[in-house]
Amino acid sequence: MHTEKVFFGFFILLALTLNFGFFIGEIDNPDHHNVYELFAALFVSLIATVLKLGERSQIGALLLAASLVADLQLIAAATVWAVAVHVTDVGLSPMVMASIVSLSGGALLANVVSAVLVTVETATLSR
């Protein structure tokens, strides 16, 4: 067992589960979505992206692309949250919260693609 492969898989799955934890709940209810969980999902997603930078295979390119999409979606969600709460007087209205959760849903889909790709790659490795 390679330690770097374990860390790689760990961070891919952790990014997926944290993002799922933020995403689940009523889409427009701020009480169901914690800002710290969004931050954790973004932070772990960025770590997973850094871990994917060294991969030189075609599947590595797809993993990196999926990770960059997840990062972009989560950064956009965090930006919408920050602007709504700290820049404008809008606050976390149902419409704003639905936008934030929708963006995290896009990141969740990209994380699912990463997890599926890693699973398929692992399953096809010959021993």
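## Basis of the model

The model is predicted, so local features need pLDDT of at least 70 and side-chain atom pairs count only at pLDDT 80 or more, while totals for chains, interfaces and linings use all residues. Residues are numbered from 1 along each chain as its sequence is written, and side-chain values use heavy atoms, with hydrogens and water left out.

## Overall architecture

The protein contains four helices and zero strands. Its elements, read from the N terminus, follow the order α-α-α-α. Helices (H or I, at least four residues) and strands (E, at least two) are DSSP runs, numbered from the N terminus. Along the principal axes, the C-alpha atoms fill a box of roughly 55 × 25 × 20 Å.

Of the 127 residues in the protein, 33% are buried. Here buried means under 20% relative accessible area, exposed means over 50%, and partly exposed lies in between (1.4 Å probe, protein chains only). Contact means heavy atoms within 4.5 Å. Among contacts between residues at least 6 apart in sequence, 69% join residues at least 24 apart.

## Helices α1 and α2

Helix α1 spans residues 3-23 and helix α2 spans residues 35-52; their axes come within 8 Å and cross at roughly 155°. Axes are lines fitted to C-alpha atoms, for helices over the stretch in contact, and angles run from 0 to 180 degrees between N-to-C directions. The angle therefore makes α1 roughly antiparallel to α2. In this scheme, angles under 35 degrees count as roughly parallel, over 145 as roughly antiparallel, 65 to 115 as roughly perpendicular and the rest as oblique.

The crossing of α1 and α2 is left-handed. A crossing is given this name if the near helix is turned anticlockwise from the far one by less than a right angle, and is right-handed if clockwise. The residues that make the contact include F7, F8, F11 and I12 of α1, together with V44, I47, A48 and L51 of α2. By type, the contact residues divide into 15 nonpolar, three polar and two charged. Ala, Val, Leu, Ile, Met, Phe, Trp, Tyr, Cys and Pro count as nonpolar, Asp, Glu, Lys and Arg as charged, and the others, Gly among them, as polar.

## Helices α3 and α4

Helix α3 (residues 58-87) packs against helix α4 (residues 94-124) at an angle of about 165°, and their axes are 8 Å apart. This angle makes α3 roughly antiparallel to α4. The crossing of α3 past α4 is left-handed. The residues of this contact comprise 21 nonpolar, six polar and one charged.

## Selected residues

T49 belongs to helix α2. Because its relative accessibility is 7%, T49 counts as buried. Beyond its neighbours within four places in sequence, T49 is in contact with L64, S67, L68 and D71. The side chains of T49 and D71 are joined by a polar contact of 2.5 Å. A polar contact is a pair of N or O atoms within 3.5 Å; within protein, one must be able to donate a hydrogen and the other to accept it, and residues adjacent in sequence count only if both atoms are side-chain atoms.

L46 also lies in helix α2, and it is partly exposed, with a relative accessible area of 37%. L46 and D71 are 25 residues apart in sequence, yet 6.4 Å apart in space, C-alpha to C-alpha. In helix α3 lies L62, which is partly exposed at 42% relative accessible area. L62 and V113 are 51 residues apart in sequence and 9.0 Å apart in space, C-alpha to C-alpha.
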